[in-house]
Amino acid sequence: METSRGDLNIPFRTLLGPGPSNVHPRVLRAATTPVVGHLDPRFLELMDETMGLLRFVFQTRNTITLAIPGTGSAGMEAALVNLIEPGDGIIVGVNGYFGERLCEMASRHGAELRRVEAPWGQIIDPDQIERALAQRRAKVVAVVHAETSTGVLQPITPIAEACNRHGALLVVDAVTSLGGSPVPVDDWGADVSFSCTQKGLSCPPGLAPITVSERAVAAAHARRSPIQSWYLDLSLITKYWDSNRVYHHTAPITMLYALREALCLVREEGLEPRWSRHQRLSHALIAGLTALGLKILAPEPHRAPTLTVARIPEGIKDLEVRKALLSEHSLEIGGGLGPLKGQVWRIGLMGESCTQANVLLVLSVLESALARQGWKCEKGAGVVAAVKALA
Ligand SMILES: *Cc1c(COP(=O)(O)O)cnc(C)c1O
């Protein structure tokens, strides 16, 4: 078989998992724009435009608001490694898989780690963060805004207030919230927030948007030791993005074309209409899943509009259902992570994937896959409930 050239032959998928989400044709088209040099005057302009657009979606005036090569995890690592020196205290809120990842990274960078835990599916109690800070000073507090393993949306304001009272820097993982749910960085007073391109922004994966407060920049400048990672050193990266234009790495030109276009789409839609679209359609999805007899893991009112996590009913085979959705309907949903493996489905409605048609599609195909395994519910119950919720 000739494989050295010819079509890639990748099928179209409706992406309703925890990311990536579907990409708008305009973004794909932008990615086919000719590659120029990473110091080309037009490209430098595009970087400035992208910074402006990122400030808009992060709702911030932070000067350092840019996109690091790599995925959301690169944003996470950059946030931690720029602030933490070996021996520095960090308090991490852990109520899911990505809180664990924050801990893992913080430990590797030599932090003195303290965990404030909540069961998977619950929010972190802000009072517990406050108590931990009162007990012993910490340089950094890190929490996940939308925990993608559970669908929980963490209230940030009370945690930010506690950080403020105790002089700690606040790091917020906004990977699954940015572009689908408000991420008001300045109103929160968050010091470092980061995200990815492939979830709420509906861009291919490959960049990590990040925004850094003046306070965090000052803390990084005051370090006694150099930042452990050369590649993720934000002071070096900033010298490329600001007027110095000092070469640090070769920017992923094509990805920045795509990101700029995706951010333009967000601006054209407007933040408020975009958030309410995600809110309205996730309510409809939840109404439909509930009508099918499924239970939602996260309690009201702490549900992320971008990702709904539903318990798999007793006796239903997880993989069989997900395989049927993929092979028969070219539709992807996510399985559970960690202790929730085989226990839950994770259904994302992010960016371009967040449409009424997709809500009705996933409810209808899920119903038939469940019925095939003997699950009993009224015919069409999910779709009917979703339509009613949307009326
Ligand atoms: C997806 C995700 C990450 C990691 O992002 P990658 O792009 O997969 O590296 C980090 N935090 C949260 C909350 C996520 O959902």
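## Polar contacts between the domains

A polar contact is a pair of N or O atoms within 3.5 Å; within protein, one of the two must be able to donate a hydrogen and the other to accept it. In this predicted model, eight residue pairs, both at pLDDT 80 or more, are in polar contact across the interface of domain 1 and domain 2. The number of salt bridges between domain 1 and domain 2 is zero.

Domain 1 covers residues 25-267, and domain 2 covers residues 271-390. Taken over C-alpha atoms, the centres of domain 1 and domain 2 are 29 Å apart. Domain 1 brings 27 residues to the contact, and domain 2 brings 23 residues.

About 2100 Å² is buried between domain 1 and domain 2, and carbon and sulfur atoms give 67% of this area. On the side of domain 1, the residues that lose the most area to domain 2 are W120, G151 and G180; together they account for 21% of what that side buries.

## The side of domain 1 that touches domain 2

Which elements each supply at least two residues of this side of domain 1? They are α2 (41-58), α4 (97-108) and β7 (152-153). Sorted by class, the side of domain 1 that touches domain 2 has 13 nonpolar residues, 13 polar residues and one charged residue.

## Around the ligand

There are 14 residues around the ligand, and T71, S73, T148, D173 and K199 come nearest. In the side chain of T71, an N or O atom is 2.6 Å from an oxygen atom of the ligand. For S73, a side-chain N or O atom is also 2.6 Å from a ligand oxygen atom. G72 takes part through its backbone, where an N or O atom lies 2.9 Å from an oxygen atom of the ligand.

Technical notes. Residues numbered from 1 in each chain as written. Predicted model: local features only at pLDDT ≥ 70, side-chain atom pairs only at ≥ 80, totals over all residues. Heavy atoms only, no water. Domains from an automatic or database assignment. Contact = heavy atoms within 4.5 Å. Buried area = accessible area lost by both parts, 1.4 Å probe. Salt bridge = Lys/Arg side-chain N within 4 Å of Asp/Glu carboxyl O. Helix = DSSP H or I, 4+ residues; strand = E, 2+ residues; numbered from the N terminus. Nonpolar A, V, L, I, M, F, W, Y, C, P; charged D, E, K, R; others polar. Near = heavy atom within 4 Å.
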